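This report looks at one helix and at a set of charged side-chain pairs. Please have the sequence and the structure at hand while reading.

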Amino acid sequence: MKYLLIVVIVVAIIVIAVQIYFTISMSKIETHHYTVISQKGNVEVRKYDPAIFINYTEKGGMFQVQNNAFRNLAGYLFGSNAREQKIAMTAPVQMEQKDNDAVMRFMIPSEYKLKDLPAPTNSKVLMTEEPAFYAAAIRYSGFNNESKFQKHKKQLEEFISNEKSELDGAFIFLGYNPPFQWFGRKNEVLVKIESIGIAVP
């Protein structure tokens, strides 16, 4: 019994240490920079900076194809490109549903320009340069699932309707953490806003 207790304590210490390591590591990863324009309840209105993204599209639901989409995009960053060049990961991972297609995106670190990036060797991995945009977002914690996403999406839809704003595209899921990080998880639902009833500079 004493030996078992020691084993349990050692395992618990290792688990806690690993989770602390992941939390610290994630805090050092570059994220898509934005400025908060206004906040009402749990909804933030933001202005995002321009950025370059790699994109992968696959038939199916976005939460059903996410593992395969992630592997293909991560492959590009880990060296599956024309120069076998490794590129740092960023956060968050973006996912959205466009009719029967699921789209996943990774932001490319801001130090790169589009012309300097190696070409993907996978024809389904595409690069796009996105201009600055306004968006509304809701943040929530814990492990994400489709039910949680739909719940917060509905809240965001109600906010947009009440503010008499117009949408510019689909609702997007933003995931900031790897699956093996158990604590301090951060998720968001975001939608771009084309014309807004909310005052912005």
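The model is a predicted one. The buried residues of α3 are F149, H152, L156, F159 and I160. Viewed down the helix axis, these buried residues lie within an arc of 95°, so they line one face of α3.

## Length and ends of α3

Helix α3 covers residues 146-162, which is 17 residues. From first C-alpha to last, α3 reaches 24 Å, close to the 24 Å expected at 1.5 Å a residue.

At the start of α3, N145 places a side-chain oxygen within 3.1 Å of the backbone nitrogen of S147. Just after the helix, K164 has a positive phi of about 55°.

## Salt bridges

How many salt bridges does the structure hold? There are eight. One of them joins E96 and R105, whose closest N and O atoms are 2.4 Å apart. Buried means under 20% relative accessible area. E96, at 4%, therefore counts as buried, and so does R105, at 9%.

K192 and E130 form a salt bridge with an N to O distance of 2.2 Å. This pair links distant parts of the chain, with K192 in strand β10 and E130 in strand β6, 62 residues apart.

## A linked network

E188 and R139 also form a salt bridge, at 3.1 Å from N to O. E188 lies in strand β10 and R139 in strand β7, 49 residues apart. E188 is buried, at 0% relative accessible area, whereas R139 is partly exposed, at 41%. Both residues belong to a salt-bridge network that also includes E44 and R46.

Note on methods
Residues are numbered from 1 along each chain as its sequence is written. This is a predicted model: local features need pLDDT of at least 70, side-chain atom pairs count only at pLDDT 80 or more; totals for chains, interfaces and linings use all residues. Side-chain values use heavy atoms; hydrogens and water are left out. Helices (H or I, at least four residues) and strands (E, at least two) are DSSP runs, numbered from the N terminus. The expected span of a helix is 1.5 Å times one less than its number of residues. Buried means under 20% relative accessible area, exposed over 50%, partly exposed in between (1.4 Å probe, protein chains only). The arc is that of the directions from the helix axis to the C-beta atoms. A polar contact is a pair of N or O atoms within 3.5 Å; within protein, one must be able to donate a hydrogen and the other to accept it, and residues adjacent in sequence count only if both atoms are side-chain atoms. A salt bridge is a side-chain nitrogen of Lys or Arg within 4 Å of a carboxyl oxygen of Asp or Glu.
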